[in-house]
Amino acid sequence: MAILNRTTKQWQEIDSAHQLHPFTDFKSLAEEGSIIISKANGVHLTNSDGKQLLDAMSGLWCVNIGYGRKSMAEVAYEQMQELPYYNSFFKTTTVPSIELARQLAEITPKDLNYAFFSSSGSEANDTVVRMVKRYWDLKNQPSKKTFISREYAYHGSTMIGVSLGGMTGMHDQGGLLPGFSHIMPPYWYKYGENMNQEEFGLYAANKLEERIIELGAENVAAFIGEPIQGAGGVIIPPDSYWPRIQEICKKYDILLVVDEVICGFGRTGNWFGSDTYNIKPDIITMAKGISSGYIPLSGIMVGSRVSDVMINEGGEFYHGYTYSGHPVACAVAIENLKIIKEENLIENSSKISVYLENRMQEVSEHPLVGEVRMKSLIGAVELVEDKNTRKMFEDTGTVGSICRDYCIQNGLVMRAVRDGMIFCPPLIFTKDNVDELVDKLKKSLDQTHSHISKS
Ligand code: PXG
């Protein structure tokens, strides 16, 4: 938006007069003024005062190919001229949506062969719930309606997304519908007590079996989980967790839905988190990295267990969005996949993550850091009160947000979840970028340490 030439202060005033931001305390934002990001290139953002920031969050966990890709803009421009919009309702569709569905069937885990498109992760999870309920009705098991997910899960912000998710703050603001049940997450650092990681992985997975028995398997439709819980604080499950979850789903005839909104498209070192953890889902949810955030797009991929029934026995499925299979969004997503493949971004990012992991050892030694955990290019630095006893801060979130503010001051964008400092950088990260991240983070940790030691 080069046409409007206003100062940062003017933009901030207009912003607080007219815009309500997501997940924001409106009053305090109006007092402080927003940070306005005006452009970006590669892995760096520039704010409206011309200051550069390293984006270690890929926007909001989505800009996997980095910023400033001209070919993404060109594809959108061409598609907008050829066909800016048409829908996939009433037995019509468009070429980009067909081609994207084909390519997704190729790269997603085996057996997931059908795509249903939407525009956001929340909408995609709404599709999941609609489709799973329909599936069990068609199977003549209409009582199978309850969804089990985890505390600290994030599955979106629509009523269904919030209900699937395990964020109590969101539930408390009127967001929890009946028919959703939450179990303990595989968060060893917080809940592992004296168990080793693998023992704890089984312990946390067995919570699913306990809950199914409590609810009655005849009432449970599906279990849904992110391979690694992202917005919940990058909770990386022990290796024993997913195999046991899969056994339990099989044993009780429960569908397994994997939310790949953050873990998909290269984030964990493979195309999907399901590949990394050898999960064989019945359905996956995709968004974010599907288009690297250049344009809103999401969808689900459906395996034969569900698609056979929906196609052969379902009749009309009364569900869909105006923008399901939007041709411009699908064309941009195809270009995004092409970039990931041609530049070997998944393999390269996995290699860079080894260097990042090495340098993060310096961060682990910091007195505030209880643990650094990561899987390829997603991770968390857990800030704690006592690293020897794994004691976390009682006033949850305060130290994390102090550290986040120092990071921003030092030109580094990281996200604080409770007292975990999260990183999820673009897959084009280089060694120089890693050095910049670690150096700025160490400086911010030192400043945080002296800040809280004084107070
Ligand atoms: N599933 C997962 C795993 C997500 O991370 C959604 C679904 C919902 O996607 P939409 O496109 O409807 O937002 C998400 C979104 C945060 C944060 O604070 C994370 C998300 C969204 C907003 C904020 O980390 N993830």
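**Figure 1. Ligand site between the two domains of the predicted model.** Domain 1 (35-65 + 344-454) and domain 2 (71-342) both contribute residues to the shell around the ligand, so the ligand lies between them. The shell comprises 6 nonpolar, 6 polar and 4 charged residues. Of the 16 residues around the ligand, those that come nearest are W61, G121, S122, D259 and R415.

Figure 2. The most are given by α6, with 3 residues.

**Figure 3. Polar side chains at the ligand.** An N or O atom in the side chain of D259 is 2.7 Å from a nitrogen atom of the ligand. For K288, an N or O atom of the side chain is 3.1 Å from a ligand nitrogen atom. An oxygen atom of the ligand lies 2.5 Å from a polar side-chain atom of R415. The ligand taken alone exposes 540 Å², of which the protein buries 84%.

**Figure 4. Burial of strand β10.** Strand β10 (residues 298-303) is largely enclosed by the rest of the structure, because 6 of its 6 residues are buried. S298, I300 and V302 point one way from β10, while G299, M301 and G303 point the other way.

**Figure 5. Strands paired with β10.** Strand β4 (residues 112-118) runs antiparallel to β10 and is joined to it by 6 bridges. Strand β9 (residues 283-286) also pairs with β10 in the antiparallel sense, over 4 bridges. G299 in β10 stands opposite F117 and also opposite M286.

Technical notes: Residues are numbered from 1 along each chain as its sequence is written. This is a predicted model: local features need pLDDT of at least 70, side-chain atom pairs count only at pLDDT 80 or more; totals for chains, interfaces and linings use all residues. Side-chain values use heavy atoms; hydrogens and water are left out. A residue is near a molecule or strand if one of its heavy atoms lies within 4 Å of it. A polar contact is a pair of N or O atoms within 3.5 Å; within protein, one must be able to donate a hydrogen and the other to accept it, and residues adjacent in sequence count only if both atoms are side-chain atoms. Accessible areas come from the Shrake-Rupley method with a 1.4 Å probe; for residues, only the protein chains shown count as cover. Helices (H or I, at least four residues) and strands (E, at least two) are DSSP runs, numbered from the N terminus. Ala, Val, Leu, Ile, Met, Phe, Trp, Tyr, Cys and Pro count as nonpolar, Asp, Glu, Lys and Arg as charged, and the others, Gly among them, as polar. Domain bounds come from an automatic or database domain assignment. Buried means under 20% relative accessible area, exposed over 50%, partly exposed in between (1.4 Å probe, protein chains only). Two strands pair if DSSP finds at least two bridges between them.
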